Amino acid sequence: MFYPTAQGSLLRYAGSALITEHNASTWPVLRRYVQGPGSDEPLVWYEGTGTSDRGCTPTSAAVSSR
């Protein structure tokens, strides 16, 4: 299911898990999300379609630095 945002993108969910963010007008994937243990709790996201540009949430960064 897709949900629009105020910034002009579409969030795609599988159940309660956020899985991708798309540009609403041209449809390319902007970000892909890797979920944590909680509902709608992304730990890591990847910019675009590759895997080299990764971002971490504060929770996942704290866990990985231990």
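**Exercise 1. Work out whether T20 counts as buried or exposed.**

Step 1: Get the cut-offs. Buried means under 20% relative accessible area, exposed over 50%, and partly exposed in between, with a 1.4 Å probe and protein chains only.

Step 2: Apply them. T20 has a relative accessibility of 10%, so T20 counts as buried.

Step 3: Buried residues account for 26% of the chain's 66 residues.

A quick word on what you're looking at: this is a predicted model, where local features need pLDDT of at least 70 and side-chain atom pairs count only at pLDDT 80 or more, while totals for chains, interfaces and linings use all residues. Residues are numbered from 1 along each chain as its sequence is written, and side-chain values use heavy atoms, leaving out hydrogens and water.

**Exercise 2. Find where T20 sits and what T20 touches.**

Step 1: Locate the element. T20 lies in strand β3, residues 17-23. (Strands are DSSP runs of E with at least two residues, helices are runs of H or I with at least four, and both are numbered from the N terminus.)

Step 2: List the contacts, meaning heavy atoms within 4.5 Å. Skip the neighbours within four places in sequence, and T20 is in contact with L10, L11, R12, R31, R32 and Y33.

Step 3: Look for a polar contact (N or O atoms within 3.5 Å; within protein, one able to donate a hydrogen and the other to accept it, and residues adjacent in sequence count only if both atoms are side-chain atoms). The T20 side chain makes one with the side chain of H22, at 2.9 Å.

**Exercise 3. Trace how β3, β4 and β5 pair up.**

Step 1: Write out the order of elements. From the N terminus, you get β-β-β-β-β-β-α, that is, six strands and one helix.

Step 2: Start with β3. Strands pair if DSSP finds at least two bridges between them; β3 and β4 (residues 29-35) run antiparallel and share three bridges.

Step 3: Check the turn. Five residues separate the strands of this hairpin, and W27 takes a positive phi near 70 degrees.

Step 4: Move on to β5 (residues 42-47). Five bridges join β4 and β5, again antiparallel, and V34 stands opposite V44 in β5.

**Exercise 4. Say which element has the lowest mean pLDDT.**

Step 1: Recall that pLDDT is the predictor's confidence in each residue, from 0 to 100. The chain's mean is 81, with 83% of residues at 70 or more.

Step 2: Compare elements. Helix α1 (residues 58-64) is lowest at 49, and strand β2 (residues 9-14) is highest at 92.
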